[in-house]
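Visitor: Please give me a close look at one part of this model. Keep it brisk, and give each cut-off as you go.

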Amino acid sequence: MRSLMRRPATDVPRDPAPSRWVYRYQRLMLTPGFRATVKVGVPILLVAAIATSWFSHEENRQMLNDQIAQAKATFQERPQFMVNQMNITGIEDAVKVDVASVLPVEFPVSSFALDLQEMRKTVEALDTVRSASVRVGQSGTLDVRVSPRVPVALWRDKGTLRLIDADGVFSGTVSARADRLDLPLIAGEGAEQSIDEALALFVGAGPLQSRVRGLVRMGERRWDIVLDRKQRILLPADNPTAALDRVIALTGAQDMLERDVAVVDMRNAARPTLRMSEEATAALRRVNNKKNTGADE
């Protein structure tokens, strides 16, 4: 009876302790870094390996690029993003033609395809433009607002008549002086760099203003005022306005410029010099010769 109740030799009770490898694995899983590696790092590595294998094929890469480009184009070409026309404001029609010619935009076009900053720089590069702003309006219009340069004088530069604004910047050209008789004329090397002084002299000419034909910059340091009747006033480099006021005062008191005077030299403020015209000088010589001949007789 006792032999019947004996356990088989193979029926050994299971040891509840984990094996050596299971024990090590469990200990490692208690480490936050290892646990994060198993749960996050391993899946990432698997995904990266699969993606690398997929991208290694040229046809797969091309297919993905085409899909991205198609999705991008579909989004950018929505009606709310399309620009259908251009509106230029702030300038005359002739300048509008110049602005439109430097912005060769074919409508309709997506607003995403427009480089507004580069377009603004292109417009501002025109001589006739002082500043510009370019933006896409809510109605699908490309709005170009331009502030033109306002010419204040004509500068004769080696035979070319250039329009020049108050900052001394060119704003175009004209073919003849008669095209802009409303603007004063300046000439000479460096004249555009002293436009403020030139304008002050034009204003200060006062009663002589109607006779002024232009100002010539001499040696890039001083001005000559050219009058009608081939008369010229040579002004000093320092305080030319005061010298001009003195000439005006002498003319008003003694009709100096109504006489046969060719040049009024005011470069030396302490000693103004008058130079007679060639005709007056010749006539004076004839008179002196007659006097000398009569005295000899």
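Guide: Buried means under 20% relative accessible area, exposed means over 50%, and partly exposed lies in between, with a 1.4 Å probe and protein chains only. On that scale phenylalanine 55 is partly exposed, at 38%. Phenylalanine 55 sits in helix H2, residues 32-55. Helices (H or I, at least four residues) and strands (E, at least two) are DSSP runs numbered from the N terminus.

Two notes on the source. This is a predicted model, in which local features need pLDDT of at least 70, side-chain atom pairs count only at pLDDT 80 or more, and totals for chains, interfaces and linings use all residues. Residues are numbered from 1 along each chain as its sequence is written, and side-chain values use heavy atoms, with hydrogens and water left out.

First, the setting. The protein chain has eight helices and 14 strands. Of its 297 residues, 29% are buried. Take the contacts (heavy atoms within 4.5 Å). Among those with a separation of 6 or more in the protein chain, 41% join residues 24 or more positions apart. The chain exposes about 20300 Å², and carbon and sulfur atoms supply 54% of that area. Areas come from the Shrake-Rupley method with a 1.4 Å probe; for residues, only the protein chains shown count as cover.

Now the part to look at: helix H7 and what surrounds it. H7 runs over residues 240-254. It has 15 residues and spans 21 Å from its first C-alpha to its last, close to the 21 Å expected at 1.5 Å a residue. The expected span is 1.5 Å times one less than the number of residues.

Which residues of H7 are buried? Pro240, Ala243, Leu244, Val247, Ile248 and Thr251 are. These six cover an arc of only 145° around the axis, so they lie on the same side of H7. The arc is taken from the directions from the helix axis to the C-beta atoms. The face turned away from that buried side carries exposed Gly252 and Ala253. The buried residues of H7 pack against H6, strand E11 (222-227), strand E12 (232-234) and E13.

What follows H7? Aspartate 255 does, and its phi is positive, near 50°, although it is not a glycine. Aspartate 255 is in the loop between H7 and E13. At a relative accessible area of 43%, aspartate 255 is partly exposed.

A salt bridge is a side-chain nitrogen of Lys or Arg within 4 Å of a carboxyl oxygen of Asp or Glu.

Arginine 267 is partly exposed, at 44%. Aspartate 265 is buried, at 13%. Elsewhere, salt bridges that share partners join Arg211, Arg213, Asp228, Arg229 and Glu258 into one network. The structure holds 17 salt bridges.

E11 and E12, which pack against the buried side of H7, have a loop between them that holds lysine 230. Phi of lysine 230 is positive, near 60°, in a residue other than glycine. Lysine 230 is exposed, at 81%.

For contrast, look away from H7. Helix H4 (residues 93-102) holds lysine 96 and aspartate 93, three residues apart, about one turn of the helix. Their side chains meet in a salt bridge at 3.9 Å, N to O. Lysine 96 is partly exposed at 27%, and aspartate 93 is exposed at 59%. In the loop between H4 and strand E3 (109-110) lies proline 108. The peptide bond into proline 108 from phenylalanine 107 is cis, with omega near -5°.

Back to phenylalanine 55. With Trp54 and Met63, Phe55 makes a nonpolar surface patch of about 270 Å². Patches are made of residues with over 30% relative accessible area and no salt bridge; like charges are joined within 9 Å, nonpolar side chains (Val, Leu, Ile, Met, Phe, Trp, Tyr) within 5 Å.
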